[in-house]
Amino acid sequence: MKYIDEFRNVNITKKIIEIINKEIKTPINIMEVCGTHTMSIYKNGIDKLLPSNINLISGPGCPVCVTDINYIDSAIKLCKNKNVIICTFGDMIRVPGSKSSLNNEKVNGANIKVVYSPLDCLDIANKNTDKEVVFLGIGFETTAPVIGLTIKYAYESNISNFSILTSIKTMPNAMKNLVLDEEVFIDGFICPGHVGSIIGINEFDKLAFKYKIPMVMSGFEHGDIACSILHLCRLIQVKDYRCENLYKRIVKKEGNKIAKNIIEEVFSIDDSYWRGLGKITDTGLKIKEKYKKFDAQIKFNLHLSKVEIDRSCICSEILKGIKNPEDCKLFKVKCTPQNPVGACMVSREGTCSNFYKYK
């Protein structure tokens, strides 16, 4: 299959699932680490059509869900400054911090704008030269290039009233951390196609070989996912430890060289705090020395204070695939999309949000 309509053809997907039900008889745990995969799986009911021996686990693939609570608290602290305009992607505005959320602060008068691209912030900065414009730079390798490009443009245009509070995370070492976690049992990964479109397949292939865990790079249509599950199960059964690229219409082996060059120019590798998972080595990006004047943490002398998450919320176990949302006492009772307690209920890519809508 190589045309998009084939991957949306229900009859083809049904045939693939029939093959899975007929052919795969051993217990298999498969984790997807992309929020768009999570959404597609539950929205299309793929989890309900698979045999009971195939267990789909939703990992930490939603950037909103893994944004550390201390980062949210820092953003809230900034927005209380009357001279600051906070710019953010839409989902972030509802993520709960330890005591409030950006949405609550906006209701109370904070100057918070939802943008579709960090590049929009430069126009806002030029129109509000008496204010400091701070963009909340979250995401994975997918959003890193455009955030890096925004920093480059700000540098070249000598825009002085703009900065970024960064919380960009990288996926391969986070997957390694899951593999090495003794609480987590994964037989294979469905790799994030969006991330793969930027960094390519090589890093995932190395990870699969080194830790003896098969992987597939998948697209996002229901046909993509069904095909990926079948191929991954076959790799697992014959112990073929590699990452097979089933998203070749978008993902190239070497990735997007232009995007990778922008990331390399503007950012360096750093440790990162993941909500519910703690500090993970070499899973983040920080702004390099050349562009440090656009680092909001330095510019505003922010110190991230450690705040523990309410232990009645089990987002950490859900993000690791140890438990599912229905194991949480707060799910559908105190924690709903209208009143989220944990970040997994906020984003449309979050596991709890998808369980709420589609289970």
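A search of the whole structure, which is a predicted model, finds 14 salt bridges, a salt bridge being a side-chain nitrogen of Lys or Arg within 4 Å of a carboxyl oxygen of Asp or Glu. Side chains of opposite charge can pair when their charged atoms come close. In this predicted model, local features need pLDDT of at least 70 and side-chain atom pairs count only at pLDDT 80 or more, whereas totals for chains, interfaces and linings use all residues. Residues are numbered from 1 along each chain as its sequence is written, and side-chain values use heavy atoms, with hydrogens and water left out.

One of these salt bridges joins K127 to D123, with the closest N and O atoms 3.1 Å apart. Both residues lie in helix 7, four residues apart, or about one turn of the helix; helices (H or I, at least four residues) and strands (E, at least two) are DSSP runs, numbered from the N terminus. K127 is exposed at a relative accessible area of 63%, while D123 is partly exposed at 40%, where buried means under 20% relative accessible area, exposed over 50% and partly exposed in between (1.4 Å probe, protein chains only). A second salt bridge, between K320 and E183, has its closest N and O atoms 3.2 Å apart. This pair links distant parts of the chain, since K320 lies in the loop between helix 15 (315-319) and helix 16 (351-358) and E183 in the loop between helix 9 (172-180) and strand 7 (188-191), 137 residues apart. K320 counts as buried, at 14% relative accessibility, and together with D181 and E183 it belongs to a network of salt bridges. In a further salt bridge, D240 and R242 bring their closest N and O atoms to 2.8 Å.

Helix 7 (residues 120-127) also has buried residues, namely C121, L122, I124 and A125. These cover an arc of only 160° around the axis, and therefore lie on the same side of helix 7, the arc being that of the directions from the helix axis to the C-beta atoms. Their cover includes strand 3 (84-88), strand 4 (112-114), strand 5 (132-139), helix 8 (144-156) and strand 6 (162-169).

The largest nonpolar core has 118 residues, of which F162, F189, M215 and I229 touch the most other members; such a core is a set of buried Ala, Val, Leu, Ile, Met, Phe, Trp, Tyr and Cys residues joined through side-chain atoms within 4.5 Å. Helix 12 (residues 222-237) gives the most to this core, with nine residues. Among the residues that M215 touches are F189, L232 and C243, contact meaning heavy atoms within 4.5 Å. C243 lies in strand 9 (residues 243-245) and is buried, with a relative accessible area of 7%.

Five strands form an open sheet in the order 2-1-7-8-9, with parallel pairing, and two strands pair if DSSP finds at least two bridges between them. Strand 2 (54-58) and strand 9 stand at the edges, each with a single partner strand, so one side of each is left without a neighbour in the sheet. Strand 1 (residues 28-32) pairs with strand 2 over five bridges, and the bridge partner of I28 in strand 2 is I54. Helix 12 lies across strand 1, strand 2, strand 7, strand 8 (215-217) and strand 9, running at about 155° to strand 8; axes are lines fitted to C-alpha atoms, for helices over the stretch in contact, and angles run from 0 to 180 degrees between N-to-C directions.

Conventions: Lists of a residue's contacts leave out its neighbours within four places in sequence.
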